[in-house]
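Visitor: I've got a few things to ask about this one. Can we go through it together, starting with the backbone and ending wherever we end up?

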Amino acid sequence: MRRIHAGELAACINLLENCPLSGKILDMGCGDGALWSALSHCQDIIGVDFSVKMFNSLRQSNLMHVCAAVLEMPFPDAGCDCITAIGISEYIDDEGKILSEMHRLLKPEGYVLYTLSPPSIWTVLRRLLGHRIYARHPRDTITLAESLGFKLIDQKETLMQVQLLFRI
Ligand SMILES: C[S@@+](CC[C@H](N)C(=O)[O-])C[C@H]1O[C@@H](n2cnc3c(N)ncnc32)[C@H](O)[C@@H]1O
């Protein structure tokens, strides 16, 4: 499992290499901040997660954390240069809501790195393990995101995840 997660993070980091990663960065569903331990040169990152347990295991000191639900973010419109949402969309029932919230928070020309879990044996296994997982086809997510004003810049695929890089 660790190796799979490392592969997913490597794909995300590879996509983020196309982004300036300066200015304000928001990580939605940051968990233990694994992504930012690999990008320790980045500053001004706010990690949002509703799990206090995850904050207790935060790996990164360059990440300021806020305990909140990602559909009710306590931030003003158009304040972020880059938003990451890695491994979280599969826990969200209404994908339009999380994409709209990211669109609201992003500055013009800002970047979004967004991942999803396509339907597979892995999503079946995760459900059997008790996770309420919403599996989605990448085409549907891309169509929805484009209808909200995002442009797809690049994408990657790993064993359990698809990674999409958007701009507005
Ligand atoms: C699979 S983990 C991914 C963590 C991290 N982004 C990574 O890639 O290592 C999903 C995280 O999303 C958080 N999460 C799930 N639903 C959430 C919600 N509605 N609001 C805030 N955080 C949420 C969980 O607490 C968990 O830390």
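Visitor: Where is Asp-44 found?
Guide: Asp-44 is in the loop between α2 and β2. Bear in mind throughout that this is a predicted model.

Visitor: What is the phi of Asp-44 near?
Guide: Phi of Asp-44 is near 55°, a positive value in a residue other than glycine. Most residues other than glycine have a negative phi.

Visitor: And does Asp-44 count as buried, exposed or partly exposed?
Guide: Asp-44 counts as partly exposed, because it has 14 C-beta neighbours inside 10 Å.

Visitor: What about Glu-109, what is its phi near?
Guide: Phi of Glu-109 is near 75°, again a positive value in a residue other than glycine. Glu-109 is in strand β5, residues 106-116.

Visitor: Is Glu-109 buried or exposed?
Guide: Glu-109 is exposed, because 9 other C-beta atoms lie within 10 Å.

Visitor: Which residue with a positive phi follows α5?
Guide: Gly-130 follows α5, and its phi is near 105°.

Visitor: While we're there, how many of the eight residues of helix α5 are buried?
Guide: The number buried is zero, so helix α5 (residues 121-128) lies largely in the open.

Visitor: Back to α2. Where is Trp-36, and where is Ser-37?
Guide: Trp-36 is in helix α2. Ser-37 is in helix α2 as well, which covers residues 34-37.

Visitor: Is Trp-36 buried or exposed?
Guide: Trp-36 counts as buried, because it has 23 C-beta neighbours inside 10 Å. Ser-37 is partly exposed, with 15 other C-beta atoms within 10 Å.

Visitor: What separates the C-alpha atoms of Trp-36 and Leu-58?
Guide: They are separated by 10.0 Å, with the two residues 22 apart along the chain. For Ser-37 and Ile-25, twelve residues apart along the chain, the C-alpha separation is 14 Å.

Visitor: Next, Asp-49. Which strand is it in?
Guide: Asp-49 is in strand β2, residues 45-49. With 23 C-beta neighbours inside 10 Å, Asp-49 counts as buried; the cut-off for that is 20 or more.

Visitor: What is Asp-49 in contact with, leaving aside neighbours within four places in sequence?
Guide: Asp-49 is in contact with Gly-29, Cys-30, Gly-31, Met-54, Phe-55 and Cys-67. As for Pro-76, 27 residues apart from Asp-49 along the chain, the two C-alpha atoms are separated by 17 Å.

Visitor: Now the ligand. How many residues surround it, and which are the closest?
Guide: 15 residues surround the ligand, and the closest are Gly-29, Gly-31, Phe-50, Ser-51 and Gly-87. Gly-29 and Gly-31 are also among the contacts of Asp-49.

Visitor: How does that shell divide by class?
Guide: The shell around the ligand has ten nonpolar residues, four polar and one charged.

Visitor: Changing topic: where is Met-160 found?
Guide: Met-160 is in the loop between β6 (151-157) and β7 (162-167).

Visitor: In a loop, then. Is Met-160 buried or exposed?
Guide: Met-160 counts as buried, because it has 21 C-beta neighbours inside 10 Å.

Visitor: What does Met-160 touch, not counting residues up to four places away in sequence?
Guide: Met-160 touches Ile-4, Ser-117, Ser-120 and Trp-122. The C-alpha atoms of Met-160 and Ile-86, 74 residues apart along the chain, are separated by 12 Å.

Visitor: Last one, helix packing. At what angle do α4 and α6 pack?
Guide: Helix α4 (residues 95-105) and helix α6 (residues 138-147) pack at about 45°, and their axes are 10 Å apart. That angle makes α4 oblique to α6. The crossing is right-handed.

Visitor: Which residues make the contact?
Guide: From α4 they are Glu-95, Gly-96 and Leu-99, and from α6 they are Thr-141, Leu-144 and Ala-145. By class, the contact has three nonpolar, two polar and one charged residues.

Conventions: Residues numbered from 1 in each chain as written. Predicted model: local features only at pLDDT ≥ 70, side-chain atom pairs only at ≥ 80, totals over all residues. Axes fitted to C-alpha atoms, helices over the stretch in contact; angles between N-to-C directions. Helix = DSSP H or I, 4+ residues; strand = E, 2+ residues; numbered from the N terminus. Parallel < 35°, antiparallel > 145°, perpendicular 65-115°, else oblique. Left-handed = near helix turned anticlockwise from the far one by under 90°. Contact = placed C-beta atoms within 7 Å. Nonpolar A, V, L, I, M, F, W, Y, C, P; charged D, E, K, R; others polar. Near = placed C-beta within 6 Å. Buried ≥ 20, exposed ≤ 12 C-beta atoms within 10 Å, placed from the backbone.
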